[in-house]
Amino acid sequence: MSMSVLQFVLTIFALVSAVLNLTIIISIRRHRKDNTILKGSFFSLTTIQSAADILLACETALLMRARKYRYLDFMLVEGNALWYILPWVTNFFNYHIKGVIYLGHILLSFNRFTAVFFPLKYESFWDSKPMKFVKAFIWIIPSFFYLPIVLNFNYHMWYSMGTNNETVRLQMDDESTQLISYFDASLSFGATVISFIFHLSSAFKISKQMITHNINQYHSIEIRLFIASVLLFILLSLNTTVHIAAIVVSNTGNTVLVMWLYDLSYPMLDMLCSANPWILCLTSSATRDAVKRLLLPSKKDEVTSIRLVSPSTNSAI
């Protein structure tokens, strides 16, 4: 069975976004010495988020869509070792990376919160050893939820051939399906609620400061980064809504609607792991300049270093 036009477009978009994500990571790391904005904690967190986005996009394209539509038949043969191992690996990797992305949203929103309320101190806070540990630890936390499931062989995960052998479907027993769905929805919901609180608090503070203070270059940059974080949060909220709706509807026994919501969750996942680089390029001129300098090295001398002046002690964003 050939991949539908929609699935093909979504796959190409996700892979192009992954390439752009990788380009942005390289650009930030290469040019942050010339641009103090790129040295900031927000861009450090962005590289973490981008790395997770790249992994999820590649996993979705290869182990989900390519497997489903039998583009992996040259290596995935019914009855061979991969046929039995990959279902477990795919489930763990998929939900683990999604968990990292959810936790990354919390850090991004908290970063904007600290930038708004503690503009003079927040960079040193994010550069502290405890916060460096936290940034590394988000790659481990989801394992606590999903490893006990995939390592419990009382559960069952397997591939099966679809109608007329046109597709290879990934299936799980009811109990493991329910557990993974609840964990995934809970992490997404928790990240959404926490991020909402941080963003709402930041928005009130920003609106108050915009009324009572003049907006200088520093404030303008921080506000644009806040907008980038909010746009990503909107996609996270939509993803959470789909998850919660699927769980609620499944309890009503409406199989048709449940399957529709599951089908909707895949494009939502594509948007969640693909939006970050485009939003960064849209809201951050520093990101655009860094990418241009990487892709057009002949233009390097035309771009001057950017120095960011911190706000005075009497001002706050």
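Residues are numbered from 1 along each chain as its sequence is written, and side-chain values use heavy atoms, with hydrogens and water left out. Because the model is predicted, local features need a pLDDT of at least 70 and side-chain atom pairs count only at pLDDT 80 or more, whereas totals for chains, interfaces and linings use all residues.

The protein chain contains 10 helices and 2 strands; these are DSSP runs numbered from the N terminus, with helices (H or I) of at least four residues and strands (E) of at least two. Read from the N terminus, the order of elements is α-α-α-α-α-α-β-β-α-α-α-α. The radius of gyration of the protein chain is 22 Å, close to the 20 Å that the globule rule gives for 317 residues, so the chain is as compact as a globular protein of that length. Here the radius is taken over C-alpha atoms, and the globule rule is 2.2 Å times the number of residues to the power 0.38. Along the principal axes, the C-alpha atoms fill a box of roughly 70 × 45 × 35 Å.

Of the 317 residues, 49% count as buried. Buried means under 20% relative accessible area, exposed means over 50%, and partly exposed lies in between (1.4 Å probe, protein chains only). Among contacts with a separation of 6 or more, 80% come from residues 24 or more positions apart, where contact means heavy atoms within 4.5 Å. The accessible surface comes to about 16100 Å², and 67% of that surface belongs to carbon and sulfur atoms. Such areas come from the Shrake-Rupley method with a 1.4 Å probe; for residues, only the protein chains shown count as cover.

Asp-270 is placed in helix H9 (residues 255-283) and counts as buried, because its relative accessibility is 1%. Its side chain makes a polar contact of 2.5 Å with the side chain of Arg-65. A polar contact is a pair of N or O atoms within 3.5 Å; within protein, one must be able to donate a hydrogen and the other to accept it, and residues adjacent in sequence count only if both atoms are side-chain atoms. Apart from neighbours within four places in sequence, Asp-270 is in contact with Leu-10, Ala-14, Thr-60 and Arg-65. Glu-222, in helix H8 (residues 217-250), is also buried, at 4% relative accessibility. The side chains of Glu-222 and Arg-112 are joined by a polar contact of 2.4 Å.

The other two residues lie in loops. Asp-173 is found between strand E2 (168-172) and helix H7 (174-212). With a relative accessible area of 16%, Asp-173 is buried. A polar contact of 2.9 Å links its side chain to that of Ser-176. When residues up to four places away in sequence are not counted, Asp-173 touches Tyr-155, His-156 and Trp-158. Its C-alpha atom is separated by 13 Å from that of Asn-91, 82 residues apart along the chain.

Gly-162 occupies the loop between strand E1 (157-161) and E2 and is buried at 13% relative accessibility. Not counting residues up to four places away in sequence, Gly-162 touches Thr-167 and Arg-169. The C-alpha atoms of Gly-162 and Val-77, 85 residues apart along the chain, are separated by 14 Å.
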